[in-house]
Amino acid sequence: MRTPEPLGRADLPAEVESVLLARRYVRDLLDRIDHKQTDDALLLVSELFTNAVRHSDSGRHPDGRVSVAVASHNGTLHIDVIDAGSTGQAPRICPDVDPDSGGGRGLWLVQELSTAWGWYETPTGRVVWFQLAET
């Protein structure tokens with residue numbers, strides 16, 4: 001994906017209650033461009049934001065923050081979830097995912113539903129990203 005058009009970025013408190021705010025923010029952005037994969041994007045944002053709150057240093061500090069950045073290029077969405085990272089822990093898909101379980105499926109869902117995904121470290125934390133091509 002070349003030169004994505006930034007649609008917006010939200011910086012939210014690293015609290016479970018902020019998952020709804022992140023979803024609402026992304027939904028409002030995607031409603032403006034009428035993207036066909038909005039439901040999948042909202043599910044994956046929920047999963048990644050929840051993971052950031054539960055497993056990163058952002059969620060371990062009372063003033064922790066998690067950001068969601070949304071961009072688009074030729075119908076492909078690129079969404080970043082940015083947190084403070086976690087020393088000694090890297091994002092990984094659980095090897096024995098039970099699709100019917102209530103937990104441990106976040107990155108599995110990202111892998112299954114996205115066109116592409118990945119993560120990388122930054123000087124201030126970690127970015128977990130995914131892309132969804134419009135079908």
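**Close-up views of a predicted model**

**Figure 1. The whole chain.** The accessible surface of the chain comes to about 7,500 Å², and carbon and sulfur atoms account for 48% of it. The model is predicted. Three helices and five strands make up the secondary structure. Their order from the N terminus is β-α-α-β-β-α-β-β. The chain has 135 residues, of which 45% count as buried. Contacts between residues at least 6 apart in sequence were also sorted by separation: 65% of them join residues at least 24 apart.

**Figure 2. The largest nonpolar core.** This core holds 29 residues. Val26, Phe49, Val68, Val70, Ile79 and Phe130 have the most contacts inside it. At least two core residues come from each of these elements: β1 (5-13), α1 (18-33), α2 (38-55), β2 (65-73), β3 (76-83), α3 (106-113) and β5 (125-133). Helix α2 gives the largest share, eight residues.

**Figure 3. Val26 and its contacts.** Val26 is among the residues with the most contacts inside the largest nonpolar core. Neighbours within four places in sequence are left aside here. Val26 is then in contact with Leu42, Val45, Val68, Val70 and Ile79. Of these partners, Val68, Val70 and Ile79 are also on the list of residues with the most contacts inside the core.

**Figure 4. Ser72 in strand β2.** Ser72 lies in strand β2. Is Ser72 buried or exposed? Its relative accessible area is 13%, so Ser72 counts as buried, the limit being under 20%. Ser72 touches Pro4, Glu5, Leu7, Ile33 and Leu77.

**Figure 5. The salt bridge between Arg65 and Asp11.** The count of salt bridges comes to four. In one of them, the side chains of Arg65 and Asp11 meet, with an N to O distance of 3.4 Å. This pair links distant parts of the chain. Arg65 is in strand β2 and Asp11 in strand β1, 54 residues apart. Arg65 has 37% relative accessibility and counts as partly exposed. Asp11 is also partly exposed, at 43%.

**Figure 6. The salt bridge between Lys36 and Asp34.** Here the side chains of Lys36 and Asp34 meet, at 3.7 Å from N to O. How does the surface treat this pair, buried or exposed? Both Lys36 and Asp34 are exposed.

**Figure 7. The salt bridge between Arg126 and Glu121.** Arg126 pairs with Glu121. The closest N and O atoms are 2.8 Å apart. Arg126 has a relative accessible area of 7%, so this residue is buried. Glu121 has 44% relative accessibility and counts as partly exposed.

**Figure 8. The buried side of helix α3.** Which residues of α3 are buried? They are Gly106, Leu107, Leu109 and Val110. These residues cover an arc of only 155° around the axis, so they lie on the same side of α3. The buried residues of α3 pack against α2, β4 (116-122) and β5.

How values were computed. Residues are numbered from 1 along each chain as its sequence is written. This is a predicted model: local features need pLDDT of at least 70, side-chain atom pairs count only at pLDDT 80 or more; totals for chains, interfaces and linings use all residues. Side-chain values use heavy atoms; hydrogens and water are left out. A nonpolar core is a set of buried Ala, Val, Leu, Ile, Met, Phe, Trp, Tyr and Cys residues joined through side-chain atoms within 4.5 Å. Buried means under 20% relative accessible area, exposed over 50%, partly exposed in between (1.4 Å probe, protein chains only). Helices (H or I, at least four residues) and strands (E, at least two) are DSSP runs, numbered from the N terminus. Contact means heavy atoms within 4.5 Å. The arc is that of the directions from the helix axis to the C-beta atoms. Accessible areas come from the Shrake-Rupley method with a 1.4 Å probe; for residues, only the protein chains shown count as cover.
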